[in-house]
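Subject: Structure handover and findings

Hello,

Here is the structure I promised to pass on. Please open it first, then read my notes below.

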Amino acid sequence: FLVMYEYDSSQTEAIAEFEEIRKSVEKHNIEYEKNMIKITITIGLVFYKDGETLDSLIKEVDSQLYIGKENGRNRISYCL
């Protein structure tokens, strides 16, 4: 999923908000065919810089997502 989020807070506060989302998802399990499945998410997070194109943002967030997955999943990977 790709989510574009406009925030009125600092980057640090935005990161904290997404960390709360990650933690909330992590608390839930799904039962499937009598098995409990743990749910986690990895989030690639980038911040718009003046003059950036949508294509460059998507490329950067995709890169951050894969960095997060390579570093153990269930985390937020971001570049300030």
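Is Arg22 buried or exposed? Arg22 counts as buried, at 9% relative accessibility. One caution before the rest: this is a predicted model.

**Salt bridges**

Together, Glu19, Arg22 and Glu26 are linked in a network of salt bridges.

Lys49 and Glu60 form one of them, with their side chains meeting at 3.7 Å, N to O. This pair links distant parts of the chain. Lys49 is in the loop between β3 and α2, Glu60 is in helix α2, and eleven residues separate them. Lys49 is partly exposed, with a relative accessible area of 36%. Glu60 is buried, at 18%.

**Helix α2**

Helix α2 covers residues 54–70, which is 17 residues. How far apart are its end C-alpha atoms? They are 24 Å apart. At 1.5 Å a residue, the helix should span 24 Å, so the two values agree.

Which residues of α2 are buried? They are Leu57, Glu60, Val61, Gln64 and Gly68. These residues cover an arc of only 95 degrees around the axis, so they are on the same side of α2. What covers them includes β3 (43–46) and β4 (76–79). The face turned away from this buried side carries the exposed residues Asp55, Lys59 and Glu70.

Two more details belong here. Lys69 lies over the face of Tyr66, at 5.5 Å from the ring centre. After α2 comes Gly72, whose phi is positive, near 120 degrees.

**Aromatic rings**

The structure holds three aromatic pairs. Tyr5 and Tyr7 form one that is stacked. Their centres are 6.3 Å apart, and there are 15 degrees between the planes. Tyr5 is partly exposed, with a relative accessible area of 37%. Tyr7 is partly exposed as well, at 26% relative accessibility.

Tyr5 also pairs with Phe18. How do these two rings meet? Their centres are 5.2 Å apart and their planes stand at 85 degrees, so the pair is edge-to-face. This pair links distant parts of the chain. Tyr5 is in the segment before α1 (11–26), whereas Phe18 is in helix α1, 13 residues apart. Phe18 is buried, with a relative accessible area of 13%.

Which residues make up the aromatic cluster? Tyr5, Tyr7, Phe18 and Phe47 form one cluster.

**Tyr78**

Last, have a look at Tyr78. Its place is in strand β4. Tyr78 counts as partly exposed, at 38% relative accessibility. What does Tyr78 touch, not counting residues up to four places away in sequence? Its contacts are Ile15, Leu45 and Gln64. Gln64 is also among the buried residues of α2. Lys34 lies 44 residues from Tyr78 along the chain, and 36 Å separates the C-alpha atoms of the two.

**Where to look**

Start with the network of Glu19, Arg22 and Glu26. Go on to the buried side of α2, with Leu57, Glu60, Val61, Gln64 and Gly68. Then turn to the cluster of Tyr5, Tyr7, Phe18 and Phe47.

Best wishes

Conventions: Residues numbered from 1 in each chain as written. Predicted model: local features only at pLDDT ≥ 70, side-chain atom pairs only at ≥ 80, totals over all residues. Heavy atoms only, no water. Phe/Tyr/Trp six-rings, centres within 6.5 Å; stacked < 30°, edge-to-face > 60°. Buried < 20%, exposed > 50% of the residue type's maximum accessible area, 1.4 Å probe, protein only. Helix = DSSP H or I, 4+ residues; strand = E, 2+ residues; numbered from the N terminus. Lys NZ or Arg CZ within 6 Å of the ring centre and 35° of its normal. Expected span 1.5 Å × (residues − 1). Arc of directions from axis to C-beta. Contact = heavy atoms within 4.5 Å. Salt bridge = Lys/Arg side-chain N within 4 Å of Asp/Glu carboxyl O.
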